Each structure stands twice: as C-alpha cells, then as structure tokens.
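Please look over the sequence and the 3D structure shown here before reading on. The report after them goes through the chain step by step.

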Amino acid sequence: MNVNCYQIFDGPKLIPCEYSSATEAINRKKTRVWIDLLDADTSELEEKLDELRINGLIRNLCLDSRDHPGFYPFRPLALMVIPVQMEVQDSNIMEYLALLFSNEFVLTIRSSKMARFRKQISSEDSFDLLPDDSTAAIISTLMMGLSLDCLRKAARLSDMVLALEVRRERDPEEVQIEEISAKRTELLSLESIVQGQLPIIETIISSDRPAKIKESSLDYLRWAAANLKSADRKLEWLEHRLEVMRSLIDMHAQGRTNRRLGRLTVLSMIFMPVTFLAGLWGMNFQSMPLLSSENGYIYALIIMAIISGGMYLYFHRKGWFD
C-alpha cells in the first residue's frame, strides 16, 4: 500500500505533505486535504478509516467500494464509486475508484494502475490543472481526466475499426471474425465504463450539491459529462460499424461456402453419367453391348469422356464455375 497526501492552498495549489500532517489537518479542520490511497487491502483500508475517524454506514460502503458502484450523498461525507479501466497492455480489466469527500478533505481509494493516475501531480502543475482551491475541484479535475481518457480510447478504437474496414475492402478474407470479436469486447468494456461514469456526473450536476460547488468546478463536471456523452455516441456508432462488418464477413463466408457447394454439385452431376455407365457395364449379363468387343474398353472411355466433357462445357458456358 502507498499513500500520497496533498494540502490544497489558494492559488489553487497542491502541496505534497506527510500523512500525519494530513490527518492532523483533517481532525482540526484547518485546511483542505487530498489523501490518495493506492493498492490497499481490506485490513489496511480499515486502519486508515479508523485514523480518519470514519464510522457508520459510510465506512461499510468504503470497505465494499469495489462491489458497490454508485453515488452515496450522505452528510457531511459523501461517497462516489465509479468504474475505471486499468492501464494494462492488451487487457480490458475494469476496477472501481472510490472517492470519499467532504468540504475539508478528499480520500481516493484506487489501484495504482488505473487510467489517468500513472503520474504524480506536481505543485507546479496544480496551478493550471485545478479550477479552484476547493475539494470539489479535486473531484471535478479527476472526472475531467477520466472523461478525456475515455474519449481518447474511443478515438483509438475508431482508428482501429477504420483500419479493419480498409483491410476488409482490400481483401474480404484478410479480416478474421476473431479480430472483430476482440474489438467488440474492448468496445463493450469501455462502453460499460462510460455508462457507469456518466449518470453519476449528471446526478451531481442536477442535484442540490452544485449550489455549494464553485462555478469553475461545476464547469469541469459539465465538460466531463459532455466528453462522456461524446464518447458514448462514438462507441454506439462503432458498435454498429462492427456489427455491419461482421454481417458482411458472414455473408462473404456464406457466399464462398455456397460457391464451393455449387462446384461440388456440378462435379457430381458431371460424373453421374460416368458412374451410371460403369455400373451398367458391371452387370453380370452374358450379352451386353461392347462387352465382347476387342476395343470395348477404349470405346467406353471415349463415350465417358465425351459425356463428361460435354457436360463440363455446358455448365462452364452457363457460368456455374464462376
């Protein structure tokens, strides 16, 4: 488990501090604090909640935050649990980010590999990053970063789907159905994250809490909601494109199978007379045409070749082999 702590000063500005200083400031309500808790197991999280004097129902919800996404507007503390995608190569793993906050502090409970949290925020960056010096500014900035990450991943998926369509247009057999299924799985994972974050942000904006949030932070939340709506529309369009591409590939595969079956049917029809003649001459009768002839075998082969060749030319002219 790792813990990063920051104090929020006018400016706005984030200044890193020790955990002991952060907890002391919270207990005395001297200043606004952000405590970022990384990779904590249940026992470690219980210990930190005890130190922060967090009890009751909100404590239980924090301990179960990985299983209960949603927005819990308790007073004076509120809890927000949102889905976040992990920044792991070739993975669609989804985790949950928990934000416990009040007017004095923000506690984030998360994995260290969550999207948009890979780099530490320096005090120099905070002046341009934060909209104001409130705890709501931390939350709105985090939501803005997460929404931009969803928008970026939706754009990357769009490029990948477009590349698949170009490949399919160039050679319909080059794109395999497994590639489309993999992209659809990635799309559905991102779509579940977008649709998990968007309603919570819209609930915060439409509730009575924005009356206590500064307009600059509220603007960040509105822009985050706009980004998520844009990503959601793009993902919906990409899902439609993938379905169309899958249908086209299925149609191409079905057409190829039908053509092969057609050729096999034609070949069967061509050799059917030959099989009939072979069966006819294989009967055990004493008097049969060509059976006692010295050149009967040659004549039989010629007759079979003429019949088969004639049927082949007929079907070829009719386009059955195209």
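## Confidence in the model

The structure is a predicted model, and the mean pLDDT of the protein chain is 81, with 90% of its residues reaching 70 or more. Where pLDDT is low, the predicted coordinates should not be read in detail.

## Strand β1 and its two partners

Strand β1 covers residues 2-9 and strand β2 covers residues 13-16, and the two pair in the antiparallel sense over four bridges. Within this pairing, Ile 8 has Leu 14 of β2 as its bridge partner. The two strands form a hairpin with three residues between them, and in the turn Gly 11 has a positive phi of about 150°.

The pairing of β1 with strand β3, residues 32-38, is likewise in the antiparallel sense, and it runs over seven bridges. Here Cys 5 stands opposite Ile 35 in β3.

## Helix α5 and its neighbours

Helix α5 (residues 135-170) packs with helix α7 (residues 215-281) at an angle of about 20°, and their axes are 8 Å apart. Angles under 35 degrees count as roughly parallel, and α5 and α7 are therefore roughly parallel to each other. Their crossing is left-handed, and the contact of α5 with α7 has, by class, 25 nonpolar, seven polar and four charged residues.

How do the axes of α5 and helix α6 (residues 177-206) cross, and within what distance do they come? They cross at roughly 155° and come within 11 Å, which makes α5 roughly antiparallel to α6, since angles over 145 degrees are counted in that way. In passing α6, helix α5 makes a left-handed crossing.

## Helix α7 and helix α8

Helix α7 also packs with helix α8 (residues 296-317), at an angle of about 160° and with the axes 9 Å apart. That angle makes α7 roughly antiparallel to α8, and the crossing in which α7 passes α8 is right-handed.

## An aromatic pair in α7

A search of the whole structure finds two aromatic pairs. In one of them, the rings of Tyr 220 and Trp 223 have their centres 5.8 Å apart and their planes at 40°, so the pair is tilted. Tyr 220 and Trp 223 both lie in helix α7, and because they are three residues apart there, about one helical turn separates them.

Terms used
Residues are numbered from 1 along each chain as its sequence is written. This is a predicted model: local features need pLDDT of at least 70, side-chain atom pairs count only at pLDDT 80 or more; totals for chains, interfaces and linings use all residues. Side-chain values use heavy atoms; hydrogens and water are left out. Axes are lines fitted to C-alpha atoms, for helices over the stretch in contact, and angles run from 0 to 180 degrees between N-to-C directions. Angles under 35 degrees count as roughly parallel, over 145 as roughly antiparallel, 65 to 115 as roughly perpendicular and the rest as oblique. A crossing is left-handed if the near helix is turned anticlockwise from the far one by less than a right angle, and right-handed if clockwise. Ala, Val, Leu, Ile, Met, Phe, Trp, Tyr, Cys and Pro count as nonpolar, Asp, Glu, Lys and Arg as charged, and the others, Gly among them, as polar. Two strands pair if DSSP finds at least two bridges between them. pLDDT is the predictor's confidence in each residue, from 0 to 100. Rings of Phe, Tyr and Trp (its six-membered ring) pair if their centres lie within 6.5 Å; planes under 30 degrees apart count as stacked, over 60 as edge-to-face and the rest as tilted.
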